[in-house]
Amino acid sequence: MDKIKIFSPATVANISCGFDVLGLCLDTIGDEMIIRKTKEKDVRISKIVGQILPLDPDKNVAGVAVKSLLQNIEVDCGFDIEIHKNIKPGSGIGSSAASAAGAVFGVNKLLGEPFSLHELIAFAMEGEKLASSALHADNVAPALLGGFTLIRSYNPLEVIKINAPKELFVTVIHPQIEIKTSEARAVLPKNMSLQKNITQLGNLGGLISGLYTENYDLIGRSLHDEIAEPYRSALIPNFDTVKENVQKVGALGSGISGSGPSIFALSKGKETAEKVAKAMAKVYKNTNIDFDVHVSKVNSEGIKILE
Ligand code: HSE
């Protein structure tokens, strides 16, 4: 195999109570990437469609992630990467993660899968480091493994795939203002009170338990964030109104998707998730901010091979 075409999905990181450790994979939004083996032993990014991003592989998350993989294996070829970018950078649904995870996934397939999906996470994280100056895995892990993922430990890296209840749907609205992850991380305090820690830990345990037992009410009660939301919500116009309105139409809970500005909500069933989409859209229709809304099942597969 000399060429592979893949769908690399968007992801929601944090999921309120799991700052830097929880993420989920979306099904209906993602980038397409074509990766080819080349004779020249280098990494090239020949084309990016849809967004203006660097073609220099040392300045592009896909290039950096692939170079990190290639530092761990001897190969006698190079790789050419073409990216059709549907996920807008700075949207909070894992744009850089989709590029980094997709690139290492494609290269690994072309090499005959010398690395496991779990091993690819560490290489993709190097791309994330370039994008946000932080080695977080809560977007690249769900993109590569699919479903919900928990980073049990960063050092050593241990990622666990978590059960995703069948009827769980995700609604995401992307108000089109750009928030850089590095800036959204800079507004967070460096320390956290014992009381807030206790609340966050209880909710994280509650959410994981709710996902395994398919207890939708417990999932909803656990969707609270003591770490990031109190500081980051001020960066997102109308955030509180969106939260109030989605609750009224039956969402289990909602919060900031990754570092924002996207806002996610979880619902039981597609019908409720679509009502939530309308309620979210209504808020931004009354403003001069453009937006996109997506309704998606949890994608249990992760990256998909198209050709
Ligand atoms: N956990 C990261 C953060 C996700 O919230 O900064 C960024 O998408």
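Visitor: Before the surface numbers, how are accessible areas computed here?
Guide: Accessible areas come from the Shrake-Rupley method with a 1.4 Å probe. The model is a predicted one.

Visitor: OK. What does the accessible surface come to, then?
Guide: About 13,100 Å² for the protein chain. Carbon and sulfur atoms hold 50% of that surface.

Visitor: And how much of the chain counts as buried?
Guide: 55% of the 307 residues.

Visitor: Switching to secondary structure. How many helices and strands?
Guide: The protein chain has 10 helices and 11 strands.

Visitor: Why call the chain as compact as a globular protein of that length?
Guide: Its radius of gyration is 19 Å, and the globule rule gives 19 Å for 307 residues, so the chain is as compact as a globular protein of that length.

Visitor: What does the C-alpha trace span?
Guide: About 60 × 40 × 35 Å along the principal axes.

Visitor: Which domains does the assignment give?
Guide: Domain 1 covers 3-163, and domain 2 covers 168-297.

Visitor: How many residues does each domain put into the contact?
Guide: Domain 1 gives 31 residues and domain 2 gives 42.

Visitor: How far apart do the two C-alpha centres lie?
Guide: The centres of domain 1 and domain 2 are 24 Å apart.

Visitor: Back to the whole chain. What share of contacts with a separation of 6 or more comes from residues 24 or more positions apart?
Guide: 73% of them.

Visitor: Last topic, charges. How many positive and negative?
Guide: There are 33 positive and 35 negative charges. Their mean positions lie 3 Å apart.

Key:
Residues numbered from 1 in each chain as written. Predicted model: local features only at pLDDT ≥ 70, side-chain atom pairs only at ≥ 80, totals over all residues. Heavy atoms only, no water. Helix = DSSP H or I, 4+ residues; strand = E, 2+ residues; numbered from the N terminus. Rg over C-alpha atoms; globule rule 2.2 N^0.38 Å. Buried < 20%, exposed > 50% of the residue type's maximum accessible area, 1.4 Å probe, protein only. Contact = heavy atoms within 4.5 Å. Lys, Arg positive; Asp, Glu negative; His and termini not counted. Charge placed at Lys NZ, Arg CZ, Asp CG, Glu CD. Domains from an automatic or database assignment.
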